[in-house]
Amino acid sequence: MAKYTVKRLLQSLVTILIVVTIVFLLLRMLPTDYYFTEDQLMKLTDQQKHDQLKAAGLLDSTFTQLTRYYGQLLRLDFGTSRRIQSGVSVVKVIGGKFAMSMQLGLISFAISLVIGVVIGVLQARFKDGIIDGIGTIYTILAVPPLVAYSLVLVFGSHVLKLPSMYSTRNPGPSMILPVACLSLSSIAGYALWTRRYMVDELNKDYIKLARVKGLSSKRIMVTHVLRNAFVPLAQYIPYSILLTVGGSLLVERFFSVPGMGSLLTDAINRYDTNVVQTLVILYAALGIIGVFLGDVLMMIIDPRITLTGKGGTR
């Protein structure tokens with residue numbers, strides 16, 4: 001376990017470094033005019049533009065800029081925002097939106113996991129029955145996000161009279177529709193995969209042997225089938241939880257939620273390089289940590305699974 005952890009940690013650091021370097025170089029390939037606002041481009045002379053670029057270090061060689069940026073990362077200095085919130089620390093810019101997306105995402109994740117797994121279990125338990133048919137129809141209809149969002153918006157705002165736009169003055173009720181939208185497609189996904197894994201388990205020989213031994217269907221489903229079927233599903237749970245931090249671009253724009261969903265696109269469009277680079281590091285780290293924690297959770301649920309094998313680490 002320790003050997004696996006160290007190896008994955010080193011691989012993760014190298015991966016993040018590569019991603020950050022590529023993004024840094026791509027941003028530096030853009031014309032320097034993007035550094036200035038439209039007003040500055042019109043008002044500043046060429047010499048003034050040159051002086052500002054030199055002061056910002058953008059006229060240094062790419063190697064010099066890159067090594068300087070690595071040094072800032074080692075000091076956990078992510079710089080300040082230039083356009084999103086001019087002069088404000090990038091950590092503060094991301095922090096508020098981080099909390100909002102995390103709250104929205106965790107609530108929808110908990111709802112999706114519980115309801116989705118329950119539906120999947122019922123579908124597997126009553127395979128080819130009415131419940132299974134209804135669940136299958138739901139998973140098919142819940143796939144197109146924009147259709148689901150539109151239905152939720154129309155039904156929630158016009159029938160239930162719920163607020164269609166997020167409001168900091170009324171956060172509770174205004175969170176209901178965004179959470180519902182985020183949950184709809186996720187519920188369908190968890191139900192689909194739970195049913196699939198459980199049906200696969202039900203067709204295995206050890207289940208037939210358990211039935212021959214006289215074990216009840218309920219005990220077989222809970223003790224054997226659900227536990228084994230949940231193992232591959234559990235691998236993606238930490239990854240899903242951590243990605244809630246990233247927010248949802250569609251949902252947050254749809255309901256004007258001030259979260260992380262649109263922050264990256266806004267930072268790219270407005271050439272806020274420090275925000276872009278920090279968000280890339282954050283997303284890369286979350287994805288890598290999520291995959292690692294998924295492996296660990298899978299091993300905890302089923303001790304027979306090991307992170308190392310005879311051929312070496314996984």
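These legends describe close-up views of helices in a predicted model. Local features need pLDDT of at least 70 and side-chain atom pairs pLDDT 80 or more, while totals for chains, interfaces and linings use all residues. Residues are numbered from 1 along each chain as its sequence is written, and side-chain values use heavy atoms, with hydrogens and water left out.

**View A. Helices H5 (residues 90–125) and H15 (residues 273–301) cross at roughly 55 degrees.** Their axes (lines fitted to C-alpha atoms over the stretch in contact, angles from 0 to 180 degrees between N-to-C directions) come within 10 Å. Helices are DSSP runs of H or I, at least four residues, numbered from the N terminus. H5 and H15 are therefore oblique to each other (angles under 35 degrees count as roughly parallel, over 145 as roughly antiparallel, 65 to 115 as roughly perpendicular, the rest as oblique). Val90, Ile94 and Phe98 of H5 meet Asn274, Val275, Thr278, Leu279 and Leu282 of H15, contact meaning heavy atoms within 4.5 Å.

**View B. H5 packs against H11 (residues 217–234) at about 125 degrees.** The two axes lie 12 Å apart, and the angle makes H5 oblique to H11. On H5 the contact involves Val117, Val121 and Arg125; on H11 it involves Ser217, Met221, Leu226, Phe230 and Leu233.

**View C. Helix H4 (residues 62–74) has 13 residues.** From first C-alpha to last, H4 reaches 19 Å, close to the 18 Å expected at 1.5 Å a residue (1.5 Å times one less than the number of residues). Gln65, Leu66, Tyr69, Gly71 and Leu73 are its buried residues (under 20% relative accessible area, 1.4 Å probe, protein chains only). Their cover includes helix H1 (2–28) and H15. Leu76, with a positive phi near 60 degrees, follows H4.

Conventions: Helices (H or I, at least four residues) and strands (E, at least two) are DSSP runs, numbered from the N terminus. Buried means under 20% relative accessible area, exposed over 50%, partly exposed in between (1.4 Å probe, protein chains only).
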